[in-house]
Amino acid sequence: MEKVERINDLNQISFPNLDLNFNINPTAFTIFGIEIQWYGIIITFGLLLAILFCFPKMKKFGLDADRATDAVLGGIIGGIVGARAYYVIFQWDDYKNDLLSVFNLRNGGLAIYGGLIGAVLVGGIVCKLRKVKFLPMFDISVIGFSIGQCIGRWGNFINQEAFGTNTDSLFAMTGGRIQRTIINETAYMDGEMFLNGLNMSEEYAVHPCFLYESFWCLLGFILLSLFIKRRKYDGQLTLMYIAWYGFGRFFIEGLRTDSLMIGELKASQVFAGLCTITAVTLLIMMKIKYKRSGGEGFVLYVNTEESKQLLLEAEKARSKKTGDSDDDDDKDYVSIISDENATNENTNTENEITEENENGTVN
């Protein structure tokens, strides 16, 4: 590997093999004496983009956007709390003498798997209270979560964190803060430098793990979005997301030097591997069950009478608030729902015929 230049400016970031250089202060601006970090702004932008994508598509999953709003807000709060709690638990030695620092999120310190756990728990409770179906809600949420992760990972780029081991690959990066972190946190053993058990040196560039994960999540977002019309059952997209993200995260986490640890094992890598195996197993089992039954018993929530009735009632309530004619709106809305469901049923039928032609008639 070729050595890189020593960078004294902490805000400088470089991709030497691409001849790209940036100088970005992690603090975007200061207001009333409070420093606003780019990390928080980027996370917020990713969240807003996810919301803008998801809400217009709620009806395709048989969900009322107004009811779903409460579940989304609950999921966001639960996700933030869970992500921070997960990180703090595994880094307790850094916080036990300064408990107030637990609430300081401006410099990072969020764990994605903790966020997922918190979002599912709190979002699931709100779904139950607001009578929003879990699986369809999770299906649309994971697509939004993918694009949110894709954007949010660039906060790690600004902070020069979540980097990997030394490399000379095309996308190898280095920076003032990266080099300082390696120098300050490595330990010498037999004349070599080690960071969390990994042989490291600030003289060489490192893997931009944030970039790998951002691209992986973007690709996952595209694939899941394209699969919306082809889904066979509620929860399928959720399982696909877990399998997809877990598979990529398992290998990316293997490169990182700042992993949260369980003894000698990387916590996120273990969790990613278990999630991937579980999700893939369930996907295979459901596929076999679907083929054996010929699709019988597999009804998407959007095609159920319950969903149609709830959407109709929600539209009537909104019409009353705006003073529109109830009768006309009911007729128009029923027509819209019928057209959408007819399209979904035709699409499912075409998919089943295609599968039979490819795989043979299911007996």
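User: At roughly what angle do the axes of helix H2 (residues 65-90) and helix H3 (residues 112-130) cross?

Analyst: This is a predicted model, in which local features need pLDDT of at least 70 and side-chain atom pairs count only at pLDDT 80 or more, while totals for chains, interfaces and linings use all residues. Residues are numbered from 1 along each chain as its sequence is written, and side-chain values use heavy atoms, with hydrogens and water left out. Helices (H or I, at least four residues) and strands (E, at least two) are DSSP runs numbered from the N terminus, and axes are lines fitted to C-alpha atoms, for helices over the stretch in contact, with angles running from 0 to 180 degrees between N-to-C directions. The axes of H2 and H3 come within 6 Å, and they cross at roughly 150 degrees.

User: How is H2 oriented relative to H3, roughly parallel or roughly antiparallel?

Analyst: Angles under 35 degrees count as roughly parallel, over 145 as roughly antiparallel, 65 to 115 as roughly perpendicular and the rest as oblique. The crossing is at roughly 150 degrees, so the orientation of H2 to H3 is roughly antiparallel.

User: Is the crossing of H2 and H3 left-handed or right-handed?

Analyst: A crossing is left-handed if the near helix is turned anticlockwise from the far one by less than a right angle, and right-handed if clockwise. For H2 and H3, the crossing is right-handed.

User: How many nonpolar, polar and charged residues make up the contact of H2 with H3?

Analyst: Contact means heavy atoms within 4.5 Å, and by this criterion the H2 side includes Gly74, Gly75, Gly78, Gly79 and Gly82, while the H3 side includes Gly114, Gly115, Gly118 and Gly123. In the class scheme, Ala, Val, Leu, Ile, Met, Phe, Trp, Tyr, Cys and Pro count as nonpolar, Asp, Glu, Lys and Arg as charged, and the others, Gly among them, as polar. The contact of H2 with H3 has 8 nonpolar, 9 polar and 4 charged residues.

User: How do helix H7 (residues 209-226) and helix H8 (residues 236-255) pack, and which residue classes does their contact hold?

Analyst: The axes of H7 and H8 are 10 Å apart at an angle of about 165 degrees, so these helices are roughly antiparallel to each other, and H7 passes H8 in a right-handed crossing. Among the residues that meet are Tyr212, Trp216 and Leu223 in H7, and Trp244, Phe247 and Ile252 in H8. By class, the contact of H7 with H8 has 15 nonpolar, 2 polar and 2 charged residues.

User: Which residues of H8 make the contact with H3?

Analyst: The axes of H3 and H8 come within 13 Å and cross at roughly 165 degrees, and the two helices are therefore roughly antiparallel to each other, while the crossing is left-handed. From H3 the contact is made by Ile112, Tyr113 and Leu116, and from H8 by Tyr241, Tyr245, Gly246 and Arg249.

User: Is Gln149 buried or exposed, and which residues is Gln149 in contact with?

Analyst: Gln149 lies in helix H4 (residues 134-152). Buried means under 20% relative accessible area, exposed over 50% and partly exposed in between, with a 1.4 Å probe and protein chains only, so Gln149, at 7% relative accessibility, counts as buried. Leaving aside its neighbours within four places in sequence, the contacts of Gln149 are Ile112, Glu213, Cys217, Tyr241 and Tyr245.

User: How far apart are the C-alpha atoms of Thr186 and Glu202?

Analyst: Thr186 lies in the loop between helix H6 (176-185) and strand E6 (187-189), and this residue is buried, with a relative accessible area of 11%. Glu202 is 16 residues from Thr186 along the chain, and their C-alpha atoms are separated by 9.7 Å.

User: Which strands are the edge strands of the open sheet of 3 strands?

Analyst: Two strands pair if DSSP finds at least two bridges between them, and the sheet has the order E2-E1-E5, with antiparallel pairing. Each edge strand pairs on one side only, and the edge strands are E2 (20-23) and E5 (174-175).

User: Which residue is the bridge partner of Ser14 in E5?

Analyst: Strand E1 (residues 12-15) is joined to E2 by 4 bridges, with Gln12 partnered by Asn23 and Ile13 by Phe22. E1 and E2 form a hairpin with 4 residues between them, where Asp19 in the turn has a positive phi of about 55 degrees. E1 is also joined to E5 by 2 bridges, and the partner of Ser14 in E5 is Thr174.
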